[in-house]
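Visitor: I have a model open on my screen and would like a short tour. Could you walk me through it?

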Amino acid sequence: MNPSFIFNIVITIIIAIIMYFLLPIVTADISNSLAASVGVLIGGILTPLLSNLINTSNEESDTVDEIATLYVGNLPYRANEQAVQEYFEQQGKVISVRLMKDRRTGKRKGYGFVEMDAKGANKAIKHLNDSSFQERTLKVRLAKDKVED
C-alpha cells in the first residue's frame with residue numbers, strides 16, 4: 001500500500017475519534033454514531049488537503065529551482081576545487097566546481113566553472129566579480145552554453 005494512503009486513513013480515523021468525543025459535548029442532542037460519521041466526513045475532506053499541503057512544502061524545500069553555471073576566470077593556479085567551493089558558498093548553494101587543467105601537463109589553466117542555484121549565482125556575480133581571491137582578481141560571469149558540432 002502507498003504510505004500516503006495509509007497516512008490519510010490514520011488521520012481520518014483520528015479526526016473521527018476527536019469528533020466522536022467533541023461533538024456530543026458541544027451539542028447535547030447529537031448521537032455518538034452521528035458524531036463519528038461527521039468526523040469521518042470532515043476527516044475525509046481535510047486529510048487529502050493536509051497531505052497535499054505537506055507534500056508540496058517538502059518538495060519545495062528539497063529542490064533547487066534553477067541552476068546557473070558561472071565562468072570563473074583569473075583563478076590562482078594553486079587554487080583547488082574545495083577552496084573555490086568554500087569561497088562561492090558564501091553567496092549561495094554550490095552544486096559543483098570544475099577547474100580546468102591542461103590535458104598534457106595536468107596543470108591548472110586558471111579558470112573554471114561553478115554550478116550554483118540561480119539566486120546564489122546572481123549574488124556571486126554581483127559580489128565576487130573583481131574581488132580578490134588568493135591574491136588574484138576574479139572574473140565571474142554567467143557561462144556561455146557549450147556549442148556542439
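Predicted model: local features only at pLDDT ≥ 70, side-chain atom pairs only at ≥ 80, totals over all residues.

Visitor: Which strand gives the most to the lining of the largest cavity?

Guide: The lining is made up of Leu-75, Pro-76, Ala-79, Leu-99, Met-100, Arg-108, Lys-109, Gly-110 and Tyr-111. With 4 residues, the top contributor is strand 3.

Visitor: What volume does the largest cavity have?

Guide: The structure holds 1 cavity of 30 Å³ or more. The volume of the largest cavity is about 40 Å³.

Visitor: How many charged residues are in the lining of the largest cavity?

Guide: Arg-108 and Lys-109 are among the lining residues, and Arg and Lys count as charged. By class, the lining has 6 nonpolar residues and 1 polar residue, while the charged ones number 2.

Visitor: Now to Lys-139: is this residue buried, partly exposed or exposed?

Guide: You will find Lys-139 in strand 6 (residues 139-142). Its relative accessible area is 40%. Buried means under 20% and exposed means over 50%, so Lys-139 is partly exposed.

Visitor: Which side chain makes a polar contact with the side chain of Lys-139?

Guide: Leaving aside residues up to four places away in sequence, Lys-139 touches Tyr-71, Val-72, Gly-73, Asn-129 and Asp-130. A polar contact joins the side chain of Lys-139, at 2.5 Å, to that of Asp-130.

Terms used: Residues numbered from 1 in each chain as written. Heavy atoms only, no water. 1 Å grid on protein atoms, 1.4 Å probe; cavity = no way out; pocket = protein on both sides within 12 Å on 5 of 7 lines; lining within 4 Å. Points joined across faces, edges and corners; volume = space filled by probe spheres on them. Helix = DSSP H or I, 4+ residues; strand = E, 2+ residues; numbered from the N terminus. Buried < 20%, exposed > 50% of the residue type's maximum accessible area, 1.4 Å probe, protein only. Contact = heavy atoms within 4.5 Å. Polar contact = N/O pair within 3.5 Å; in protein donor to acceptor, adjacent residues only side chain to side chain.
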